[in-house]
Structures are given as C-alpha cells and as structure tokens.
Protein chains: 2
Amino acid sequence: MSEPEPPASPVTNGSPAAEIGSLPLGSPIGIVEVAAASGFSPATVSRALRGLPGVSASTRVAVEKAAATLGYFPSPSASALITGRTNTFGIVAPWVSRWFFSAVIDGAQEVFGAAGYDLLLYPVATPSDPRGGYVINSRAIGKRVDGLLALNVPLMDSSLHSLQTLHIPVVTVGTAVQGLSGVLVDNEQVGRAATRHLLALGHRRIAFFGDDDGSHTDGFTVATDRARGFELEMRDAGLEPDPQLFQVSGFSIDGGEAALHRVFSQPGVAPPTAIFAVSDEVAMGAIYAARSRGLSVPGDLSIIGVDGHDLSYLFDLSTVAQPVKDQGRIAARLLLEQVTGPGPRPPSVVSVGTELIRRGTTGPLGVAR
Amino acid sequence: MSEPEPPASPVTNGSPAAEIGSLPLGSPIGIVEVAAASGFSPATVSRALRGLPGVSASTRVAVEKAAATLGYFPSPSASALITGRTNTFGIVAPWVSRWFFSAVIDGAQEVFGAAGYDLLLYPVATPSDPRGGYVINSRAIGKRVDGLLALNVPLMDSSLHSLQTLHIPVVTVGTAVQGLSGVLVDNEQVGRAATRHLLALGHRRIAFFGDDDGSHTDGFTVATDRARGFELEMRDAGLEPDPQLFQVSGFSIDGGEAALHRVFSQPGVAPPTAIFAVSDEVAMGAIYAARSRGLSVPGDLSIIGVDGHDLSYLFDLSTVAQPVKDQGRIAARLLLEQVTGPGPRPPSVVSVGTELIRRGTTGPLGVAR
C-alpha cells in the first residue's frame, strides 16, 4: 500500500452495522469483492484489514493491495461503531491564527498524519476573545476522538474540566494539569533567564509586560509563572520590582503596544530602561510603540521576549526561545502512546528546555544615551 | 439548549446501529431514558432529536433539555451511518502555520463553529515541503466530511484531482478550479496595483520576487497571475520587464531574503530601485536582507508586498491587502449553502476586493539618495 490510510487497523468486518455504514455513501465495493479479488476468504480479508493476529505479513500486504486497487475504503463511521475507535485526535485551542498555536498544531499534525490519524480542530472561546460565546461541548467531542490535545486552554472552565471525565486520554501543551500528561517549558525559569540577561546588562529598572488582571491571560498560568520568575530573580539580585512597572498586555502585539505607551505615560513615575515581555508578539508591539515615541531600541530601552517566534529574527529580537513545534510533536507522541499502548499509563509531564538568544534589542544600560 | 451541539439535527433514533454506537463508550443513557424523563414517547423523542417535522417547538425544547440534563448525546458515528451526514467539514491546506492559511482557517472555523459543524484538518504535502511524502487519501476524506475547503492546494496533483470525484461539495480558496465554487482575489489586478504604485513613484527598474520555477509555487497560479499583472502594467507604461529582475522566492521570508541577495549580486546587472514581492512574507525577508547589505528602505530601495499580513504594519510595509479571514468566512458560507441548501447549486466564484496600503517601505525614486 503506497498511501498512508487514516483508519489503519480497525475496519469493517461486514457486520450489519458495517453494511448500514456503507449504504448512505453508495460504495458498491465490499469485503466480499476484496476477498474475490485477492483470492482469500472474506474472514481472512476481514482479519487482515482489521490488523488482527493470525494473518501472515504477505497475506496482509496482498489483501491491502487488493482493497486499494478496488478502491475499498472502510467507512470510518462503521469502524467507530464496531471498535469504539475513531482514528481521530482532537485539538482544543484558543486561536488557530496565533503563531504559538499554529506551530504546535503543525508539529502535532506531522506525528498524527504519519501514524494515520486525522485531526479535528476545536476552537475554544476565552474571556478575552471578542467573538465570545463558543463553548466546547465536551461530551460531543468525547464521541468523536480517541484522545485530545489541550493547548493552553483555561482548564478552570467547567466545560473543559469535564474533558477529564471523558475517559479518553488528554495531553496538555503549555500548562500542567493535575492527573494529565503534558508538555511544557519551565516558565519560572524562563522568567528568571530573561531577567538575568537584563540584569547582567546593568538594568535595574525593569518592566514586566504580561501582568495578569484575570481578563487577558485566559486562566492559564504561563504569564503568572513568568512574572514569578522575574520577581524571584530581581529579589535574588537585591532589587524589589516596582509594581508600577507591571503592565497588563495579554500575549498580543496590540497588548504590547498599549503597555509600552502606558508605562511611558505615568505621571511622576520614572520609565523603565528595560522590558521583559511575556511573549515575542508583546515584545514586537513594544518595539513598534517605542520607536513611534522616538525611543531607540536598545539605546534608550532594551526589550526581550519569549518564544523564538519565526519572525523574531526580523526584529533582531532577543528572546528566550522555546521549541514550540517540538512541543506539538512530543505531545502527539504522548497521546499516541496512551491510545495504542497495552494499557493505561501514569501521566507523564515532559519539560522541554529553552534557550536565551541574544540579539540586537537588548544592550548595556546607558551606552547609547 | 444552551450549548451549541455539533450534530444539530441528525441523531440516533434507537435503531440497532445506534445502540451499537453507544455501547463502546459505555453510556447507560438511551432514548428510552430521555423519553421517561421528558414525559414524551420514545418515538416523539426520536423525531424531536432528529429535527424531523411533526414535533412542536415547545416539545422539541423540552426533549432537548431532558437529553442535555441526562447527558444524552447521540453518537456521531451512529448518526453518520443513519443519515450519511458527518456534520464535519474538512480543510485541505499545505501549512497550518503559515499566516495566510491559519487566517483563512480561523475565519472558516468561526462560521462552521456557529453552525455546529466540526472541522477536520488535512495537511497536504507540496513539492517544496521539506517533510514531503504525506499524500491526501481523498477516498478516506470523502467518508469523513460533508464538504471540503481546499486552500491554495496544487489541484494538478492527481490525489487532489480525485477530490472532485467524491460527490461532496468542494470550495476552493485562493485559486479557481473549473467546476468548483471558490473565493479568491483577482491576482492579475493585484500585480497591476502594486506595479502601478511603484511606477507612480518614478521607479522604472522594478524586480519581481515570486517567479515560478515550478518547484516553489506548488502548482497554483497565484504567483504567475501576479507576475502577469506586473508585466502587463509595465508594458502599458511602455517598459519591458528585465528577465534578470525576476527572482524565484516562493512565498516565504527565507525566499525573499535569498532573492534580495541574488538580485544584488548579479555581475554586470544594474540592481532594481524597487521590488514587487509576491507576498508580505517575501517582502519582510527582502527588507531584512536589504538592511543587512546596508541598503536604506525606501531610500535606496522601495519594497511592496501583498497580503496585509497581521504583522505588516510593524515593518511599515506598503502592501496590496486582501481580506484573508473574510475569504475563509465566505468560503465556509458557500460550503454550508451547498450542504444545507435544497439541492445542487451551480458553482459560484466570489472575487473579493483588495486595497493598496501606502506605508513607509515605498518612496519616490532617488529622493533619499
């Protein structure tokens, strides 16, 4: 068989349900025709196509070839009824069009595609989503997928909490949830690394863009963990972070832009000489706003982000880079193991490393003034 | 019913197939329990949940409420067997993580989600895809979805050509395919608009980044249509485009970067004073490379892109903007109409307008030299 085929093992065996299954789609080809074409009995064909034992490799290849030649593709609906398997994984994510999520999906899809699984995409509304209103129907999801990747979703949300009661494996990306496998970076260490870099350049008055006012961070802890790393590293250096330099930004370019203007417009408050932005997109917005105010980056203001966004090098942006696509790949493999493995596995959390990338948006305090 | 529910009308009616369907998931709740809880007969409950006529609105609401309270969600697999409908649309796209595609998906998902449809994501390998090898199994897709959006896919590919024989509606985005509905921009006009802008600024030696050598444009005509618009507009101005200023770039940042270096490294060839880049990402790469060569943009070199990329304003990039997310929304509506409408409709092609956005990367010839 030269093409990967989504329903790899569980296929129709000619039971009544399977017959019903093929009817609405009008396929004239059934297991009997495959049996006739391959020269094996229908029972053998059924076993071969379902990947059951007792069929030699050469027989399996011959049956699959005959099925492919005839254009016989078992109905996924019938397969799902018989096996309880859908050969589909779901991804729950807030925004497909935000870089982080699209990169994770890309990595996961690579692994799922190679394993013959389809991918169902479930958007989830977040408190700051202007569209609002779309709520995950977790019971409906549970019947459509064999497992689920949950990407930085607000698991405090009751409709998502119920995902955990579905008895299908759920793997999180970006946030750890008690009892679930997950892939993430150590965000406190991310915050420490970015802050350490700015401190080493001589900066003392450092702002944090990404503060959580509860409305922008959508209930997940990425921003608060990075903020804590910032505060801990400052205190380790004998400095007390100035509360007036904590700015809400969400994770967006717009948010970074607005935060920069705010932090430079506080009457009687000395502006920062450096900014630790919770994401590269926030950093990009801050750079844009700084330049629009006539500030030189890094002459007047150093800015560091987090992510290693595909476009960060175009801004010469210093960043704490995380392997985003790899996190999608690893999460997909964790999910596959849970679904195809011999039995339930204890949840495992994979923490992937990050890397400080020094570029041109951060520089020594005061040098270019 | 307070939550949108993917299988809106076709649900189980308690047939043998439906019973089989609910078994693997272990739900003890069936149509009989919903009947008992709501006080209606199983036959009425079945009709109500399937959205069949002969049931009053108040009865339907009461039955749906009882079903929701009991946690009774019909099996999509069983529904699909009974109705032939999957309540799912598929999207075939080359890269989820490229901005254009993720923005189209975002727009489409908004419409599909509101209509209660799920979205299956099918990646498709392209000639320039380094991963290679993953080929669409169109027969398998045909049994899983009620319709398909095809995003700038190489429809010359035989495995995709077969999509047209599936007897499910297919709507294209970005390219027109004979016999299919589609949403697109007039790319020849896009090429003319960008070129006209550069000509009006006094430029005569204009390069085109996005030339098609057959390996980077992945078989779709977007780049060649924009190139033709460029050539036609040049000739209308009495200029013959210089073949040495046509550079292959694909649609990527990397491609734009490499093209810029090439066009400025040709021995004995005068470099361009302006570049028309086939996409904003190509333009971003060209700007980055130009600055790395010490060239001022727009002082030494004007650069215009196409797309209206979310990040284009951060580069102060002049561009011919297209409403990308809207194209996803419109395509989704076309597909919904075809699936839910009273009968087959003739294919319709929607051409959406574009807008020249003048920003700082294009300027008058020679002014800043």
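Me: Which residue in S4(B) stands opposite B:Ala150?

Reply: In this predicted model, local features need pLDDT of at least 70 and side-chain atom pairs count only at pLDDT 80 or more, whereas totals for chains, interfaces and linings use all residues; side-chain values use heavy atoms, with hydrogens and water left out. Residues are numbered from 1 along each chain as its sequence is written, while chains are lettered from A and ligands numbered from 1 in the order in which they are written. Strands S3 (residues 147–151) and S4 (residues 170–173) of chain B run parallel and are joined by 4 bridges; strands (E, at least two residues) and helices (H or I, at least four) are DSSP runs, numbered from the N terminus. In S4(B), the residue facing B:Ala150 is B:Thr172.

Me: Which strands stand at the edges, each with a single partner strand?

Reply: The open sheet has 12 strands with mixed pairing, in the order S11(A)-S5(A)-S4(A)-S3(A)-S1(A)-S2(A)-S2(B)-S1(B)-S3(B)-S4(B)-S5(B)-S11(B), two strands being paired if DSSP finds at least two bridges between them. Each edge strand has a single partner, so one of its sides is left without a neighbour in the sheet. These edge strands are S11 (349–351) of chain A and S11 (349–352) of chain B.

Me: What does the twist average from one strand to the next?

Reply: Axes are lines fitted to C-alpha atoms, for helices over the stretch in contact, and angles run from 0 to 180 degrees between N-to-C directions. From each strand of the 12-strand sheet to the next, the average twist is 20 degrees.

Me: What angle does the direction of helix H6 of chain A make with that of S3(A)?

Reply: Helix H6 (residues 99–114) of chain A packs on the sheet and touches S1, S2, S3 and S4 of chain A together with S2 of chain B; contact means heavy atoms within 4.5 Å. Its direction and that of S3(A) make an angle of about 160 degrees.

Me: With which strand does the direction of helix H13 of chain B make about 165 degrees?

Reply: Helix H13 (residues 324–340) of chain B packs on the sheet, where it touches S1, S3, S4, S5 and S11 of chain B. The angle of about 165 degrees is made with S5(B).

Me: Which strands of chain A stand at the edges of the open sheet of 6 strands?

Reply: This sheet of chain A has mixed pairing and the order S7-S6-S8-S9-S10-S12. Each of its edge strands has a single partner, so one side is left without a neighbour in the sheet. The two are S7 (246–248) and S12 (355–357).

Me: What angle does the direction of H12(A) make with that of S9(A)?

Reply: H12(A) packs on the sheet and touches S6, S8, S9 and S10 of chain A. Its direction makes an angle with that of S9(A) of about 155 degrees.

Me: Which residue joins its side chain to that of B:Asp280 in a polar contact of 2.7 Å?

Reply: B:Asp280 lies in helix H12 (residues 280–292) of chain B and is buried, meaning under 20% relative accessible area, with exposed over 50% and partly exposed in between (1.4 Å probe, protein chains only). It has no salt bridge, the nearest side chain of opposite charge being B:Arg359 at 6.2 Å; a salt bridge needs a side-chain nitrogen of Lys or Arg within 4 Å of a carboxyl oxygen of Asp or Glu, and Lys and Arg count as positive, Asp and Glu as negative, with His and the chain ends not counted. A polar contact is a pair of N or O atoms within 3.5 Å; within protein, one must be able to donate a hydrogen and the other to accept it, and residues adjacent in sequence count only if both atoms are side-chain atoms. The partner at 2.7 Å is B:Thr319.

Me: Is B:Asp307 buried or exposed?

Reply: B:Asp307 is located in strand S9 of chain B and is among the residues touched by B:Asp280. Although it is not a glycine, B:Asp307 has a positive phi of about 145 degrees. Because its relative accessibility is 5%, B:Asp307 counts as buried.

Me: What is the relative accessibility of A:Asp316?

Reply: A:Asp316 belongs to the loop between S9 and S10 (318–321) of chain A. Its phi is positive, about 55 degrees, although A:Asp316 is not a glycine. A:Asp316 counts as partly exposed, with a relative accessibility of 37%.

Me: Which residue does a cis peptide bond join to A:Val297?

Reply: The bond has an omega of about 10 degrees, and its proline lies in the loop between H12 (280–292) and S9 (302–307) of chain A. In chain B, the peptide bond from B:Val297 to B:Pro298 is also cis, with omega near 10 degrees. The residue joined to A:Val297 is A:Pro298.

Conventions:
Lists of a residue's contacts leave out its neighbours within four places in sequence.
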